[in-house]
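The stops below are given in the order in which to select them.

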Amino acid sequence: MRRSEFHRAVTAEFGGRGAALVHDLTLPQLGGRTADQALADGVDPREIWLALCTETDVPLARRHGVGLLEPRRR
């Protein structure tokens with residue numbers, strides 16, 4: 001997962017409150033860092049996404065595949 005995919009996934013799942021969650025919510029799985037801090041520290045965005053999903057109780061069915069762009073049609 002790239003950073004851009006991470007941010008798309010956050011927006012898709014959390015809408016307008018996504019930015020606040022990424023900035024303010026501390027994630028125990030990431031040593032008490034926020035998603036923003038973990039990104040700045042070089043943590044894999046996929047790991048951050050999964051930690052965010054766990055902390056906010058996102059159902060398993062919505063944790064995979066979000067954030068990806070639709071394939072281009074030829």
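The tour starts with the whole chain and then moves through single elements and residues.

**Ground rules**

This is a predicted model, in which local features need pLDDT of at least 70, side-chain atom pairs count only at pLDDT 80 or more, and totals for chains, interfaces and linings use all residues. Residues are numbered from 1 along each chain as its sequence is written, and side-chain values use heavy atoms, with hydrogens and water left out.

**Stop 1: the whole chain**

Colour by secondary structure. The chain has 4 helices and 2 strands, in the order α-α-β-β-α-α along the sequence. Both kinds of element are DSSP runs numbered from the N terminus: helices are H or I with at least four residues, strands are E with at least two.

Next, show the surface. The chain exposes about 4,900 Å², and carbon and sulfur atoms supply 50% of that area; accessible areas come from the Shrake-Rupley method with a 1.4 Å probe, and for residues only the protein chains shown count as cover. Of the 74 residues, 32% are buried. Buried means under 20% relative accessible area, exposed means over 50%, and partly exposed lies in between (1.4 Å probe, protein chains only).

Contacts are heavy atoms within 4.5 Å. Among contacts between residues at least 6 apart in sequence, 49% join residues at least 24 apart.

**Stop 2: helix α4**

Select residues 45-55, which form α4. Its buried residues are Pro 45, Ile 48, Trp 49, Ala 51, Leu 52 and Cys 53. They pack against α1, α2 (18-24), β1 (26-27) and α3 (35-40).

Which residues have the most contacts inside the largest nonpolar core? Select Phe 6, Val 10, Phe 14, Leu 30, Ile 48, Trp 49 and Leu 52; the core they belong to has 18 residues. Helices α1, α2, α3 and α4 each supply at least two residues of this core, and the largest share, 5 residues, comes from α4. A nonpolar core is a set of buried Ala, Val, Leu, Ile, Met, Phe, Trp, Tyr and Cys residues joined through side-chain atoms within 4.5 Å.

**Stop 3: Pro 45**

Pro 45 is in α4 and counts as buried because its relative accessibility is 11%. Leaving out residues up to four places away in sequence, Pro 45 touches Met 1, Arg 2, Arg 3, Phe 6 and Leu 39.

**Stop 4: the aromatic pair**

The search for aromatic pairs gives a count of 1. Select Phe 14 and Trp 49, whose rings are edge-to-face, at 6.4 Å centre to centre and 65° between the planes. The pair links distant parts of the chain, with Phe 14 in α1 (residues 3-14) and Trp 49 in α4, 35 residues apart. Rings of Phe, Tyr and Trp (its six-membered ring) pair if their centres lie within 6.5 Å; planes under 30 degrees apart count as stacked, over 60 as edge-to-face and the rest as tilted. Phe 14 is buried at 8% relative accessibility, and Trp 49 is buried at 0%.

**Stop 5: the charged side chains**

How many salt bridges does a search of the whole structure find? There are 2, a salt bridge being a side-chain nitrogen of Lys or Arg within 4 Å of a carboxyl oxygen of Asp or Glu.

- Arg 62 and Glu 13 meet at 2.7 Å, N to O. Arg 62 lies in the segment after α4 and Glu 13 in α1, 49 residues apart. Arg 62 is partly exposed, at 41% relative accessible area.
- Arg 33 and Asp 41 meet at 3.0 Å, N to O. Arg 33 is partly exposed, at 25%.

Now select Arg 63, in the segment after α4. Arg 63 is buried but has no salt bridge; the nearest side chain of opposite charge, Asp 57, is 5.7 Å away. For charge, Lys and Arg count as positive and Asp and Glu as negative, while His and the chain ends are not counted.

**Stop 6: Asp 57**

Asp 57 is also in the segment after α4. Its phi is near 60°, a positive value in a residue other than glycine. Asp 57 is exposed, with a relative accessible area of 64%.
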